[in-house]
Amino acid sequence: MREGVIFGRPVRMQGGPFALMAYRREFGADLLADALAAYRRDGGDVAAFLQIAWAMAKTADEETSPYAEWLREFDPREFTLGDAAQAVGVIDSAVAAELFRRGKARRARRWLARRMESLAHRLGARASRLLAG
């Protein structure tokens, strides 16, 4: 189990088969396929990463609220586009630790690390442009 701070809120996340089932039940899609698609999107897909974080939070604690309600539990004053890369980094760290454990998927983890570095760079650059303009 991993705990990280996403938009100012501590979130406990755990991987496993239940995360796959919770994701499919809530979003009608495959968590792993959506995760790979989120990593491939230019600029990343913060909403997709939040969905993944929710499924892992649901796995860590069955009492986790349904997704839309869970999002409303975040303090909107803690949300900034500049923090999006950090939030995705926290979620990525949990994904790497919980879904790609014990070196069994080293190649996938290296690929994910490269994608996350690129994503963080692009999000940071976009946030800087938005703040400057």
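I began with Ile91, which touches Ile6, Phe49, Leu50 and Ala53 when residues up to four places away in sequence are not counted. Contact here means heavy atoms within 4.5 Å.

Some housekeeping before I go on. I am working with a predicted model, where local features need pLDDT of at least 70 and side-chain atom pairs count only at pLDDT 80 or more, while totals for chains, interfaces and linings use all residues. Residues are numbered from 1 along each chain as its sequence is written, and side-chain values use heavy atoms, with hydrogens and water left out.

**Entry: the core**

I looked up the largest nonpolar core and found 33 residues in it. Such a core is a set of buried Ala, Val, Leu, Ile, Met, Phe, Trp, Tyr and Cys residues joined through side-chain atoms within 4.5 Å. Buried means under 20% relative accessible area, exposed means over 50%, and partly exposed lies in between (1.4 Å probe, protein chains only). The members that touch the most others are Ile6, Val11, Met13, Phe49, Ile52, Trp70 and Ile91. Two or more residues come from each of E2, H1, H2, H3, H4, H5 and helix H6 (106–132). H3 gives the most, with nine residues. I took helices (H or I, at least four residues) and strands (E, at least two) as DSSP runs, numbered from the N terminus. As a general note, nonpolar side chains tend to be buried together in soluble globular proteins.

**Entry: the hairpin**

Next I followed strand E1 (residues 2–6), which runs antiparallel to E2 and is joined to E2 by five bridges. Two strands pair if DSSP finds at least two bridges between them. Gly4 stands opposite Val11 in E2. The two strands form a hairpin with two residues between them, and Phe7 in the turn has a positive phi of about 50 degrees.

**Entry: helix H1**

In H1 (residues 17–27) I found Ala19, Ala22 and Tyr23 buried. They sit on the same side of H1 because they cover an arc of only 100 degrees around the axis; the arc is that of the directions from the helix axis to the C-beta atoms. Pro17 and Arg25, on the other side of H1, are exposed. The buried residues of H1 pack against helix H2 (31–40) and helix H3 (46–60). After H1 comes Gly28, with a positive phi near 65 degrees.

**Entry: salt bridges**

How many salt bridges does a search of the whole structure find? It finds three, a salt bridge being a side-chain nitrogen of Lys or Arg within 4 Å of a carboxyl oxygen of Asp or Glu.

- Arg9 and Glu73 meet at 3.0 Å, N to O. Arg9 is in strand E2 and Glu73 in the loop between helix H4 (67–72) and helix H5 (84–99), so the pair links distant parts of the chain, 64 residues apart. Arg9 counts as buried because its relative accessibility is 18%; Glu73 is partly exposed at 36%.
- Asp30 pairs with Arg24, the closest N and O atoms being 3.5 Å apart. Both are partly exposed, Asp30 at 31% and Arg24 at 46%.
- Arg77 pairs with Asp75, with the closest N and O atoms 2.9 Å apart. Arg77 is exposed at 71%, whereas Asp75 is partly exposed at 27%.
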